[in-house]
Amino acid sequence: MTTRGTPGRMIRIDDEMWELYGQLCAEEGTTRTDELRRHVHARVNAYAKAKGIKPPTPKKRVVVRRKKPAAED
């Protein structure tokens, strides 16, 4: 599922590994998506620094708050 205009990416990981990764992330108080995103950003920033190039500037994240539907009487 894609949200807020961010393109979805597909990776292949076996079910057992994915399940345990989910448990690991939950115990660390994060999600698989956030963990993977942080990992990619860290690797790209290190690569850019080593190559002497400017890393991409992260896009500003937009938080969309939705109102709860009005309670019916």
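Let me begin with a definition: a charged patch joins like charges within 9 Å, taken from residues with over 30% relative accessible area and no salt bridge. The model before you is predicted. On its surface, D14, D15, E16 and E19 form a negative patch. One of these residues, E16, belongs to helix α1, which covers residues 15–27. E16 has a relative accessible area of 60%, so it counts as exposed.

I turn now to helix α2. This helix runs over residues 32–51, 20 residues in total, and spans 28 Å between its first and last C-alpha, close to the 28 Å expected at 1.5 Å a residue. After α2 comes G52, with a positive phi near 70°.

How many salt bridges does the structure hold? There are 2. In general, side chains of opposite charge can pair when their charged atoms come close.

R37 is partly exposed at 33% relative accessible area, and D34 is partly exposed at 28%.

R38 forms a salt bridge with E35, where the closest N and O atoms are 3.3 Å apart. R38 and E35 are 3 residues apart in helix α2, and are therefore separated by about one helical turn. R38 is partly exposed, with 45% relative accessibility, and E35 is likewise partly exposed, with 25%.

Methods: Residues numbered from 1 in each chain as written. Predicted model: local features only at pLDDT ≥ 70, side-chain atom pairs only at ≥ 80, totals over all residues. Heavy atoms only, no water. Patch = residues over 30% accessible without salt bridge, like charges linked within 9 Å, V, L, I, M, F, W, Y side chains within 5 Å. Areas by Shrake-Rupley, 256 points an atom, 1.4 Å probe, with all protein chains shown as cover. Salt bridge = Lys/Arg side-chain N within 4 Å of Asp/Glu carboxyl O. Lys, Arg positive; Asp, Glu negative; His and termini not counted. Charge placed at Lys NZ, Arg CZ, Asp CG, Glu CD. Helix = DSSP H or I, 4+ residues; strand = E, 2+ residues; numbered from the N terminus. Buried < 20%, exposed > 50% of the residue type's maximum accessible area, 1.4 Å probe, protein only. Expected span 1.5 Å × (residues − 1).
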